[in-house]
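Welcome! Have a look at the sequence and the 3D view below, and then let us walk through the fold together.

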Amino acid sequence: MAKLRIGVIGAAGRGGMAQHWHDSNGRSIVVGAADVHESALGWFHRNVNESGFTTLDYRELLDRKDIDAIAVMSPDFTHEQYVCDAFAAGKHVFTEKPMAITTEGCDRMLRAWVDSGKQFMIGFNMRYMNIFRVMKDAIDAGSIGEPKAVWVRHFVGPGGNWYYHDWHASSRNSTGLLLQKASHDIDMIHWLTGQYTKRVAASGALQYYGGDKPNDLRCPECPEKDQCVECQLPKKHRLGGNTMDQCVFRQEVDVEDHSIMMMELDGGIHASYMQCHFTPDYCRNYTIIGTEGRIENLDDTSKVILRMRNRSGRWQNLANHEINVKPAEGGHGGADPLICADFVDMVLDGKRPLATPLAGRMSVAAGCAATWSLRNQWQSVIIPPVPQDIQGKMY
Ligand SMILES: NC(=O)c1ccc[n+]([C@@H]2O[C@H](COP(=O)([O-])OP(=O)(O)OC[C@H]3O[C@@H](n4cnc5c(N)ncnc54)[C@H](O)[C@@H]3O)[C@@H](O)[C@H]2O)c1
């Protein structure tokens, strides 16, 4: 296969990442796209491949013999069906996170994948961000000793802009934001420590968004739009079908905007993850404490702090490093072009993916279990293992 030929399902929004794959002088091209909105297909023609094939029926894309791989970039609740159907059609698959909205759905996807003999990758682009690669390298080099405690604070401000004006805000579409948004962070906790979650408990509530406004109310038509601090006029750069202008105070909104998750991982590691959608600022702060030190990122892109204990065991800092990090060029701190290139390398050269399907499943399993816990009096939940018939058959 000289050049990887890709078809995209979900042409606009996150589907815009296809621009990195459509490199006619490079190793991949994007042959076509499917979407449920004509306007998204127009966006694809204008921004990715002006003469590419487009369709409103994704099965026509899967039927094409001139497509080797499918990238599923549509909303979460579509991933399971599109991925399983793509494997059945003999395609390699990239799917955005979260892998699916249920653990059982992930297991069906894993089974479809191992039966197909094709390649599969999950869109965990945070693994490709320089700031977190620096932290991962330091932890793997043993600089903090054995990781034992992880504290993650996730300020999703202004979360209403991204998560409450559209499908994300209904649990039927996303299960909840402790899965939808936190699937990245749960995965990072797994990746940075090298261990998966085995038990969770969580609390949380819908404290700011949601309310009694009609479900069909959109910001541009709202009589209160001039006073409402949450008013969002259609996002022009996303004019691909999802204009993200539904009222954040509508009745159907039922996903928690503040949640706290406790995790017990293999290897005796304990972690906590906190997410809030009505903070003014956006930041992810990861602190990982090991037997010999701790490491922390000060923001999403620029600085890592590493503090190490005296090896004789005294409570004093022997070393106190500040590591300045530069983000690479491109979306999400340079991660998007890198993950796209890795997908191509995986299919064309057999390179092992950094973001494996098993990692995708374990993140969903922890996020779903935590969401169940916070809706059921914080009961703790044991993470269900991967079904036996597919264990050992996956990378
Ligand atoms: N890895 C990341 O950093 C990152 C960032 C943003 C979004 N995402 C993920 O990407 C996915 C899409 O998110 P988004 O915010 O772009 O969503 P979106 O609502 O903008 O939809 C993306 C595209 O899918 C299309 N679409 C909607 N419903 C569809 C359906 N039933 N079948 C086919 N196409 C459909 C839309 O028209 C749009 O063109 C989600 O799973 C999200 O979690 C990942």
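## Getting started

Two residues are in contact if their C-beta atoms, placed from the backbone, lie within 7 Å. Helices (H or I, at least four residues) and strands (E, at least two) are DSSP runs, numbered from the N terminus. What you see is a predicted model, in which local features need pLDDT of at least 70 and side-chain atom pairs count only at pLDDT 80 or more, while totals for chains, interfaces and linings use all residues. Residues are numbered from 1 along each chain as its sequence is written.

## The whole chain

The protein chain holds 12 helices and 15 strands. Its C-alpha atoms fill a box of roughly 65 × 55 × 40 Å, taken along the principal axes. The radius of gyration is taken over C-alpha atoms, and the globule rule is 2.2 Å times the number of residues to the power 0.38. For 395 residues a compact globule would come near 21 Å, and the protein chain agrees, with 21 Å.

Of the 395 residues, 48% count as buried. That word has a cut-off: a residue is buried if 20 or more other C-beta atoms lie within 10 Å of its own, exposed if 12 or fewer, and partly exposed in between, with C-beta atoms placed from the backbone. Among contacts with a separation of 6 or more, 74% come from residues 24 or more positions apart.

## A parallel sheet

Strands of a sheet pair through backbone hydrogen bonds, either parallel or antiparallel. Here, two strands pair if DSSP finds at least two bridges between them.

Val-72 has Thr-95 in E5 as its bridge partner.

## Helices that meet

Axes are lines fitted to C-alpha atoms, for helices over the stretch in contact, and angles run from 0 to 180 degrees between N-to-C directions. The axes of H4 and helix H5 (residues 103-116) come within 9 Å and cross at roughly 10°. H4 and H5 are therefore roughly parallel; angles under 35 degrees count as roughly parallel, over 145 as roughly antiparallel, 65 to 115 as roughly perpendicular and the rest as oblique. Their contact has 7 nonpolar, 2 polar and 2 charged residues. Ala, Val, Leu, Ile, Met, Phe, Trp, Tyr, Cys and Pro count as nonpolar, Asp, Glu, Lys and Arg as charged, and the others, Gly among them, as polar.

Helix H6 (residues 130-140) and helix H10 (residues 183-193) have axes that come within 9 Å and cross at roughly 35°. Phe-132, Met-135, Lys-136 and Ile-139 in H6 meet Met-188, Trp-191 and Leu-192 in H10. By class, this contact has 6 nonpolar, no polar and 1 charged residue.

Is strand E12 (residues 293-297) mostly covered or mostly open? It is mostly covered, with 4 of its 5 residues buried. Strand E11 (residues 282-290) pairs with E12 in the antiparallel sense over 3 bridges, and the two form a hairpin with 2 residues between them.

On to the next hairpin: 5 residues link E12 to E13. E12 and strand E13 (residues 303-309) run antiparallel, joined by 5 bridges. Arg-294 stands opposite Ile-289, and in E13 the bridge partner of Arg-294 is Arg-307.
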